[in-house]
Amino acid sequence: MEHVADSFERLLEAWRGQKGNVIPLLQKTQKLRGFLSNEDMARIARVTGKSPAEIYGVATFYAQFRFQPPGRHTMKVCHGTACHVNGADSLDTTLKMELGIETGQTTADGEYSLEKVACLGCCSLAPVVMLDSEVHGRLTGDKLKKVLRKGKS
Amino acid sequence: MSAVTELVVGLGSCGIAAGARQVHEALLAELAARGLKVPVTSTGCIGACHREPLVEVRTAGGRFLYGDLDAGKARQLVEAHVVGGSPVQELLIPEDYPYLARQRKIVLANCGVIDPESLEDYLAAEGYQALRKVLTSLTPEQVIAEVQTSGLRGRGGAGFSTGLKWSLARSSRPGKRYLVCNADEGDPGAFMDRSLLESDPHAVLEGMAIAAYAIGADEAYMYVRAEYPLAIKRLEIAIQQAKQKKLLGTRIMGSDFSFEIHVKEGAGAFVCGEETALMSSIEGKRGMPTLRPPFPAERGLWGAPTNINNVETYGNVPYILRRGGAEYAKLGTAKSKGTKVFALAGKIKHGGMIEVPMGITLREVIFGVGGGIAGDKKFKAVQLGGPSGGCIPESLLEVQVDYDSLTATGAIMGSGGMVVMDESTCMVDVARYFLSFTQSESCGKCTFCRIGTKRMLETLERICGGQGRMSDIDLLQELALKVRLASLCGLGQTAPNPVLTTLRYFQEEYEEHIREKRCRAKQCRALIRYRVIPETCTGCLACAKACPTQAAVGERKKVHTIIQDKCIQCGLCFQACRFDAIEVLTGPEAAAVAPTDAGAAEGGAA
């Protein structure tokens with residue numbers, strides 16, 4: 001943990017005084033910690049010369065930022081137009097039943113977070129999901145279960 | 001038969017998702033096992049996404065494109081074509097494949113041809129020659145004049161004249177100015193910018209450098225969606241390469257012109273596609289739009305004059321400067337010049353990234369290039385322009401692809417998302433889908449956008465949920481008008497378009513939902529019921545396994561049933577059944593099998 005704290009301090013120093021540094025700092029902090037804690041946002045506020053409320057206001061405006069620790073794996077279901085007309089809703093149903101959670105939640109064992117994204121841009125393979133950084137396409141409920149099983153093993 | 005000189009694997013995001021990396025590895029392993037020294041290289045998006053993974057085999061005698069590959073077929077390809085010298089006919093995509101033959105590629109000319117991570121490849125394809133010509137022989141005014149001659153209009157959707165935009169930025173007050181590239185491709189169903197950045201990043205950088213020279217900027221920001229990691233990675237590689245070769249940075253190609261580009265990752269807000277919101281976001285603030293005027297050309301990023309264009313717009317610039325504006329203007333219609341890139345998706349047979357000349361009809365794009373509807377179902381509508389656009393019905397398919405003709409239909413050209421819908425798509429549900437998107441993406445600044453879209457969404461949900469009233473149609477029209485008039489930015493002004501166009505062309509579907517509780521596309525869950533057809537059911541248990549709520553039940557080899565009060569109409573049983581033994585009912589037929597309240601209570605108690 002010492003190491004992460006050091007990296008965070010280095011990050012703050014590297015971006016101190018640069019214009020437009022708020023969002024990159026929030027992004028890099030989230031990458032490092034997995035989410036944005038109130039303490040980290042307060043530190044970013046001091047470094048950027050803004051109030052904690054301003055930082056919180058910026059962070060909550062954007063869909064990318066999380067304020068709770070995520071699961072070890074993140075399952076993002078694409079809800080782009082092509083995925084919608086090709087059955088993204090039934091993928092949601094499958095995932096909710098398999099994982100026992102709603103979109104935006106994390107499983108009790110901390111294994112999976114379930115998220116919704118506006119579009120992954122792989123429309124020709126609709127419907128798609130992104131498990132961590134890998135896109136899986138041309139899915140049905142059955143194929144999605146296989147993706148989950150592979151992820152678990 | 002000439003010997004194979006190179007194997008090229010399409011490694012765009014779509015290719016990778018379809019398994020191109022496994023194909024790549026299989027090719028390498030098979031060649032190594034056979035002791036062959038044929039180079040295997042990678043390229044970006046070849047465009048025929050529906051045939052991914054794709055591999056091109058290059059020989060002195062020609063190029064052979066293979067599609068729908070997997071590891072096994074890749075090994076077969078090595079054995080037959082590389083070793084045996086004869087193409088594998090059944091895997092080959094023919095040269096006259098209509099999908100490829102009917103396109104006209106200017107912006108995408110290098111996509112799927114060059115290695116996007118190789119500057120040498122780009123240089124060999126006339127890369128940076130336009131920039132060299134500009135820096136050695138043209139004044140900024142001459143560059144702007146050339147772009148004005150070309151007739152190029154903004155490809156982000158609004159279609160403003162690019163040359164005019166540049167001249168406004170150039171003639172703005174002296175001092176520091178910025179260039180911005182909008183790569184915040186937010187429309188769901190659109191992936192043109194991603195594919196271009198992944199496949200030919202240098203072309204966009206070159207276009208930006210030329211624009212910067214024209215307006216007098218020395219610094220630029222590219223605002224790229226965070227959901228596009230591969231595009232960001234390849235852009236960063238390209239910027240590094242260009243800097244090393246003095247194609248970017250200080251005193252480019254030995255001239256007095258210096259220019260640097262920063263890549264900014266977006267943080268997930270659709271409204272940031274709007275230019276003033278995008279600039280607020282670069283400055284590190286909430287991405288909320290501001291009133292125009294002042295336009296960015298007067299007061300943009302950090303208060304300085306700023307020129308902002310979309311990825312595809314910049315992608316057109318090198319060609320225009322190499323070949324001349326007049327040559328470019330030969331393509332297209334009187335008011336819409338050049339080509340347009342579309343992301344063709346949805347219920348289309350041959351989807352992917354395509355580039356067609358302006359003036360082509362929608363029918364030609366969908367049925368000529370795209371091959372028509374998948375599964376040979378009936379065409380219903382094509383959606384253009386994402387949440388800001390609209391749905392165009394079959395009766396208007398002869399409409400030309402140009403800014404003004406498309407606007408007249410109630411849709412817009414948009415950034416290039418083209419989602420095809422068939423008879424199994426519910427138009428009320430499509431309107432509801434887009435409203436739920438714009439409602440959640442509204443930044444909240446304008447009351448009518450914030451609350452008006454919410455009320456519109458509730459009304460649409462009511463109709464889809466079987467609780468609609470006939471007065472809802474008038475209510476939607478009224479709200480649509482008010483949201484359009486009283487919103488500051490494009491998000492709110494165009495948010496009603498999907499509702500207005502579906503009301504204009506498909507009002508009978510709204511009325512059926514309201515009056516008969518019928519969803520003819522059988523998509524709205526509240527208006528449908530699933531039922532087993534006893535005559536066709538084989539008792540295979542596939543539906544029972546797929547059902548998440550234990551509503552589909554039965555014993556092996558006996559006719560199954562669906563317990564209606566447990567069923568959530570998710571359709572997974574319908575997907576799983578291989579014998580067409582599940583039917584979908586709607587309207588009075590659905591009402592007849594739906595559990596009554598008393599029945600539901602009984603079922604719950606049992």
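Is E102(A) buried, partly exposed or exposed, and what is its relative accessible area? The model shown in these views is predicted, and E102(A) is partly exposed in it, with a relative accessible area of 43%.

**View 1. A salt bridge in chain A joins E102(A) and K96(A).** The two side chains meet with an N to O distance of 3.8 Å. Side chains of opposite charge can pair when their charged atoms come close. Over all chains of the structure, the search finds 43 salt bridges; the views that follow include two from chain B.

**View 2. E275(B) and R292(B) form a salt bridge at 2.7 Å, N to O.** E275(B) belongs to helix α12 (residues 275-282) of chain B, while R292(B) sits in the loop between α12 and β9 (306-310), so the pair ties together parts that are 17 residues apart in sequence. E275(B) is buried, because its relative accessible area of 13% is under the 20% cut-off. R292(B), at 37%, is partly exposed.

**View 3. Within helix α17 of chain B, D429(B) pairs with R432(B).** Their side chains make a salt bridge of 2.9 Å, N to O. Both residues lie in this helix, which covers residues 427-441, and they are 3 residues apart, about one turn of the helix. D429(B) is buried, with a relative accessible area of 12%, and R432(B) also counts as buried, at 17%. Elsewhere in chain B, salt bridges that share partners connect E6(B), E56(B), R58(B) and R63(B) in one network.

**View 4. Domain 1 of chain B touches domain 3 of chain B.** Domain 1 spans residues 4-95 and domain 3 spans residues 339-422; chain B also has domain 2 (119-329), domain 4 (427-516) and domain 5 (525-591). Between the centres of domains 1 and 3, taken over C-alpha atoms, the distance is 30 Å. Each of the two domains gives 5 residues to the contact.

**View 5. About 340 Å² is buried between domain 1 and domain 3 of chain B.** Carbon and sulfur atoms give 62% of this area. On the domain 1 side, C45(B), G47(B) and H50(B) supply 86% of the area buried against domain 3, more than any other three residues. By class, the side of domain 1 that touches domain 3 has 3 nonpolar and 2 polar residues, with no charged ones. Between the two domains there are 0 salt bridges, and 2 residue pairs are in polar contact across the interface.

How values were computed:
Residues are numbered from 1 along each chain as its sequence is written. Chains are lettered from A and ligands numbered from 1 in the order in which they are written. This is a predicted model: local features need pLDDT of at least 70, side-chain atom pairs count only at pLDDT 80 or more; totals for chains, interfaces and linings use all residues. Side-chain values use heavy atoms; hydrogens and water are left out. Domain bounds come from an automatic or database domain assignment. Contact means heavy atoms within 4.5 Å. Buried area is the accessible area (1.4 Å probe) that two parts lose on being put together, summed over both. A salt bridge is a side-chain nitrogen of Lys or Arg within 4 Å of a carboxyl oxygen of Asp or Glu. A polar contact is a pair of N or O atoms within 3.5 Å; within protein, one must be able to donate a hydrogen and the other to accept it, and residues adjacent in sequence count only if both atoms are side-chain atoms. Ala, Val, Leu, Ile, Met, Phe, Trp, Tyr, Cys and Pro count as nonpolar, Asp, Glu, Lys and Arg as charged, and the others, Gly among them, as polar. Buried means under 20% relative accessible area, exposed over 50%, partly exposed in between (1.4 Å probe, protein chains only). Helices (H or I, at least four residues) and strands (E, at least two) are DSSP runs, numbered from the N terminus.
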